[in-house]
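Biologist: I am new to this structure and would like to learn how to read it. Could we go through it one feature at a time?

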2 protein chains.
Amino acid sequence: MAKANAFYAQSGGVTAVINASACGVIETARKHTDQMGKLYAGRHGILGALTEDLIDTSRESTADIRALRHTPSGAFGSARYKLKGLDENRAEYERLIEVFKAHNIRYFFYNGGGDSQDTALKVSQIGVQLGYPIICVGVPKTVDNDLPLTDCCPGFGSVAKYVATSIREASFDVASMARTSTKVFVLEVMGRHAGWITAACGLAAEKPGQAPHILLFPEIPFKQDKFLARVEATVKKEGYCVVGVSEGLQNEKGEFLADSGLRDAFGHAQLGGVAPVIAQLVRHHLGYKYHWAVADYLQRAARHIASKTDVAQAYAMGKAAVQFALKGHNAVMPIVVRVSNQPYKWKVGMVNLCDVANREKKLPRDFITEDGYGITAKCRRYLSPLIAGEDYPPFKRGLPDYVVLKNVAVTKKLKTRFNV
Amino acid sequence: MAKANAFYAQSGGVTAVINASACGVIETARKHTDQMGKLYAGRHGILGALTEDLIDTSRESTADIRALRHTPSGAFGSARYKLKGLDENRAEYERLIEVFKAHNIRYFFYNGGGDSQDTALKVSQIGVQLGYPIICVGVPKTVDNDLPLTDCCPGFGSVAKYVATSIREASFDVASMARTSTKVFVLEVMGRHAGWITAACGLAAEKPGQAPHILLFPEIPFKQDKFLARVEATVKKEGYCVVGVSEGLQNEKGEFLADSGLRDAFGHAQLGGVAPVIAQLVRHHLGYKYHWAVADYLQRAARHIASKTDVAQAYAMGKAAVQFALKGHNAVMPIVVRVSNQPYKWKVGMVNLCDVANREKKLPRDFITEDGYGITAKCRRYLSPLIAGEDYPPFKRGLPDYVVLKNVAVTKKLKTRFNV
């Protein structure tokens, strides 16, 4: 019998280091060709499996696979596509098994957040039901840092380093200009429902009075009067005020301050534009000159300022996923386990997918200061090691030299098409 | 007679490398204490001179002055404050001379853009008129790259590197997501009237089809139908479309697409928010899912990804300014002279301030492709060397370690106050 092949797919919003996980998966698989056959990647995530659009990763050079480690985004294409429940759309799961069977795929690696781990779990279950057992291993990824059980999520540390660095740099700028010009600066960051990225902005303020002066978390309902009073007091004391705000900031009625009304495939509101709302509020009520920035994709794609810790963990998760699979572990996910804070030490752990799926880890209340506008020492101890170390990509002609893979398609074996 | 002292001030919007120029000025002055006495800096630029709020730079350690080279923003504070004409407000100029006389200041170094060079020229002229000759040397600075005569402006190369890097990274992200999610990404960049920074976004596209696909220059009036047709064609061909847009984009009537209505001290409109306008247009007419980012201060403060060429030139301009002054050159400014493109070589030149003041260098039409949406090979040859090389700052606890100076005030000598 031919050696069992493997399938790897990237899912959901991409990060600066999801390709480092891909690199870990592929390099590790290549070391075990005695046990594992070909490693196929899904073109645009799970859609690649459903439509039998598989990429043959063996056609990529060693150097190009190595370069994934320093290349942001999803090299095989990702997808915002959530499989429905087994009862609602059994056909999708059956199609997956059909494709896997046709290509002798017995390993399924799914690199994504909570929704994706739920899918990986279901694939494992349907495989058993249909008499085609398949080993399913999740690979954690999300800039939102909201997966449970793991100490942190690959992708988050690099966003954290980017936002903390950027808000520090912008704060130096505002401090220079405040005497005659801009007094208030607002940076909007990602993190739909969990304030982890907002909290990371706070790392830039290492001493009392340092910027950012105010953080607006999605967990803390926005109170306009209290906020404006704090801005005014800060400008009077420090000469300027820097604010980090989550895209998911809500008022006391639970309404998003900037809801564009769009929804993504998972049914989440597509947010953006709360920074100008906050800035206009300040201008209107306090009259201060302002500037605002919305980092958007820049923050999660900023591989040039990735955290070395994050890159190492992303790679380790990919590597461990293959090792777990080869040992026969099914429906599991590797995690980061924190061993100690000072010095920071971590190791790879393993959890069951059924304990991961569809659970969101919010920022604990004791990570936020009592007034709701800053981070506590406990939060800082947690976050600080995650942004440690630089891991610069190579540069060519002044620009980061990122790899674009050949992504050669595997010849289709099925006659049937599947519309998604 | 006591040795003549010197005065240095930072003016206008700060950059990632204006402190590298300050470092060049101070380190060079410290090497010539036989000819030059103390070097004072103006707290908040020219306001420091008008209000006799001088900073004694000799109180800073060698290491801290050295650290200015890798610290963004204006370490002494900058100011958006334009002196009026000699006829309109002679009192301001007389006050400057009064302060300079009280502190035996015979050298005036003014680090800024076109408006500031005009001020430096006037100070030189009024000095002669009032019988207190003072040597005035400009130090070029502006992210807008719009000063005449110099090949480029310190500050621009680092913004150029930041926007080209950022739009490349975001483009990789969008390419990953486009199949099921975001198809159009819009990055708004600075450059009020000149499209130099917008052009720099184009450096990220090195091969046909690569992002960014469309650049919207302030020099090219925005035509909605033509733009939307290009977006649609690009999405159909490439699967996604990335747009770089200048904050100063105007329609065919010469109206800014996003004018917030505010004006700065120089009378320029304070812009921001054209990216969401463009993104909404795309959504409304073509229905594509979009994301947008506004880099704002992040781009000009991003010392972590500064151009090595830019840092070297910024330092060289500061150094040359002091050298020129010591040789007795008055009312002049050092410039960057390009010697060759391949290999890129440059040297320091010198021009008269009267030829610099109040002249804006726009992006030449032959730097923009005929269709108005891209950069030509000629533009690329000009821009490419300016972003060459990395010059990373030191990091501590995962964050760039920027210096904050002590900025010790010089004891006032005048009894009179001056209100600005």
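Biologist: In which loop of chain B does Ser73(B) lie?

Modeller: A word on the source first: this is a predicted model. Ser73(B) lies in the loop between α3 (62–67) and α4 (90–102) of chain B. Its phi is positive, about 80°, although Ser73(B) is not a glycine.

Biologist: Is Ser73(B) buried or exposed?

Modeller: The count of surrounding C-beta atoms decides, and 20 or more within 10 Å make a residue buried. Ser73(B) has 28 other C-beta atoms within 10 Å, so it is buried.

Biologist: Which residue of chain A has a positive phi although it is not a glycine?

Modeller: Ala331(A) is one, with a phi of about 55°. It lies in the loop between α11 (308–326) and β12 (332–340) of chain A. Ala331(A) is buried, because 22 other C-beta atoms are within 10 Å of its own.

Biologist: Next, the peptide bonds. Is the bond from Ala211(A) to Pro212(A) cis or trans?

Modeller: That bond is cis, with omega near 0°. Pro212(A) sits in the loop between α7 (196–201) and β7 (214–216) of chain A. In chain B, the bond from Gln342(B) to Pro343(B) is cis, again with omega near 0°. Pro343(B) belongs to the loop between β12 (332–340) and β13 (345–352) of chain B.

Biologist: How should I read a strand, and which way do the residues of β5(A) point?

Modeller: In a regular strand, side chains alternate between the two faces of the sheet. In β5(A), Ile135(A), Val137(A) and Val139(A) point one way, while Cys136(A), Gly138(A) and Pro140(A) point the other way. Strand β5 (residues 135–140) of chain A has 6 of its 6 residues buried, so it is largely enclosed by the rest of the structure.

Biologist: Which strand is joined to β5(A) by 6 bridges?

Modeller: That is strand β4 (residues 105–112) of chain A, and the two run parallel. Within this pairing, Tyr110(A) has Gly138(A) of β5(A) as its bridge partner.

Biologist: What does strand β8 of chain B look like when read in that way?

Modeller: Strand β8 (residues 241–246) of chain B is mostly covered, with 6 of its 6 residues buried. Cys241(B), Val243(B) and Val245(B) point one way from β8(B), and Val242(B), Gly244(B) and Ser246(B) point the other way. Strand β6 (residues 184–189) of chain B runs parallel to β8(B) and is joined to it by 6 bridges. One of the pairs is Val184(B) with Cys241(B). Strand β7 (residues 214–216) of chain B also pairs with β8(B) in the parallel sense, over 3 bridges. There, Leu216(B) has Val245(B) as its partner.

Biologist: And helices? At what angle do the axes of α8(B) and α9(B) cross?

Modeller: Two packed helices are described by the angle and the distance between their axes. The axes of helix α8 (residues 224–238) and helix α9 (residues 274–286) of chain B come within 11 Å and cross at roughly 75°. The contact is made by Gln224(B), Leu228(B), Val231(B) and Glu232(B) of α8(B), with Leu281(B), Val282(B), His285(B) and Leu286(B) of α9(B). Sorted by class, these are 5 nonpolar, 2 polar and 1 charged residues.

Biologist: Last, the two chains. How many residues does each give to the contact?

Modeller: Chain A gives 62 residues and chain B gives 63 residues. On the side of chain A, the largest share comes from α6(A), with 13 residues. By class, that side has 32 nonpolar, 17 polar and 13 charged residues. Of the interface residues of chain A, 100% are also interface residues in chain B, so the copies meet through the same surface.

Terms used
Residues numbered from 1 in each chain as written. Chains lettered and ligands numbered in written order. Predicted model: local features only at pLDDT ≥ 70, side-chain atom pairs only at ≥ 80, totals over all residues. Contact = placed C-beta atoms within 7 Å. Axes fitted to C-alpha atoms, helices over the stretch in contact; angles between N-to-C directions. Helix = DSSP H or I, 4+ residues; strand = E, 2+ residues; numbered from the N terminus. Nonpolar A, V, L, I, M, F, W, Y, C, P; charged D, E, K, R; others polar. Buried ≥ 20, exposed ≤ 12 C-beta atoms within 10 Å, placed from the backbone. Pairing = 2+ DSSP bridges.
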